[in-house]
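Please keep the sequence and the coordinates in view while reading.

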Amino acid sequence: MKLIEVKNYEHMCELAASYISDKVRANPNITLGLATGGTPLGTYKKLIEDYKHGKTSYKQVVSFNLDEYIGLTGQSPNSYRYYMNDNFFDHIDIDQDNTFVPNGIATDLDQECKNYEEQIRAKGEIDLQLLGIGSNGHIGFNEPGASFESYTHVVELTESTREANSIYFERMEDVPKKAITMGIASIMKSKEILLLVSGEHKHDSLAKLLTGDLTEQFPASILKQHPSVTIIADAAAIGNLNIKEVMYD
Ligand code: GLP
């Protein structure tokens, strides 16, 4: 894993956006794995600015999102499909047919999970996967205890994740209890991973990722075994961690 320390959220977003847009320009047919949540919002904003300056085209780009709530349609402002359209896809020249988000209202959810995995394979795997991290170490919606062998599947959300995400909903009761998520094995298949970590509230999870054991109880710990992970973390998330001591390659 490679760790890049930046001053603050703004710098993290700038660096992440130039990292991603460089890759898109170098490989216009790239398959991106995309994430939602508060962390990547600023990165999408910067990517839109870069696009508007005519620097990068997404005409041939394919994207797969990590996850989606079960029970929300793409028109629901809280769905991840809506988030992606609203915060990114509607502002760039990507072909919407090439943007994949699991269908949270599929009648056969298990079949939807299988199809999603097959679609990723059919597009030749994810070249660059963007990731955030939950305070309990979740990646995508792979909560503590998720099998490292898992592919796209249906999950029950933990109360802590529902609470963390309730800020986007009117009432706690509105936060879905289940989601579809790419599994840990799906994420690990991507050729490269870019993990963004910002804010003091993410310090503990970053510290655990860098210094803790490899365990299914802390899903992000699997990233230590991926051959190409870049972490961009801001000073607030790094806090008093002695980076030189904790990084081993
Ligand atoms: C959410 C998403 C994850 C995201 C994480 C962190 O539940 N499913 O993909 O990375 O939690 O969210 P945030 O960036 O808002 O802290």
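A cavity is a set of points, on a 1 Å grid over the protein atoms alone, where a 1.4 Å probe fits but cannot get out; lining residues have an atom within 4 Å of a point. Grid points are joined across faces, edges and corners, and a volume is the space filled by probe spheres set on the points. This is a predicted model, in which local features need pLDDT of at least 70, while totals for linings use all residues. Residues are numbered from 1 along each chain as its sequence is written.

The structure holds one cavity of 30 Å³ or more. Helix H4 (109-122) and helix H6 (184-189) each contribute at least two lining residues; helices (H or I, at least four residues) and strands (E, at least two) are DSSP runs, numbered from the N terminus.

Seven strands form an open sheet in the order S1-S10-S9-S6-S2-S3-S5, with parallel pairing, where two strands pair if DSSP finds at least two bridges between them. Strand S1 (2-6) and strand S5 (99-100) stand at the edges with a single partner strand each, so one side of each has no neighbour in the sheet. Strand S3 (residues 62-65) runs parallel to S5 and is joined to S5 by two bridges; Ser63 has Thr99 as its bridge partner in S5.

Key
This is a predicted model: local features need pLDDT of at least 70, side-chain atom pairs count only at pLDDT 80 or more; totals for chains, interfaces and linings use all residues. Side-chain values use heavy atoms; hydrogens and water are left out. On a 1 Å grid over the protein atoms alone, a cavity is a set of points where a 1.4 Å probe fits but cannot get out, and a pocket is an open set with protein on both sides within 12 Å along at least five of seven lines; lining residues have an atom within 4 Å of a point.
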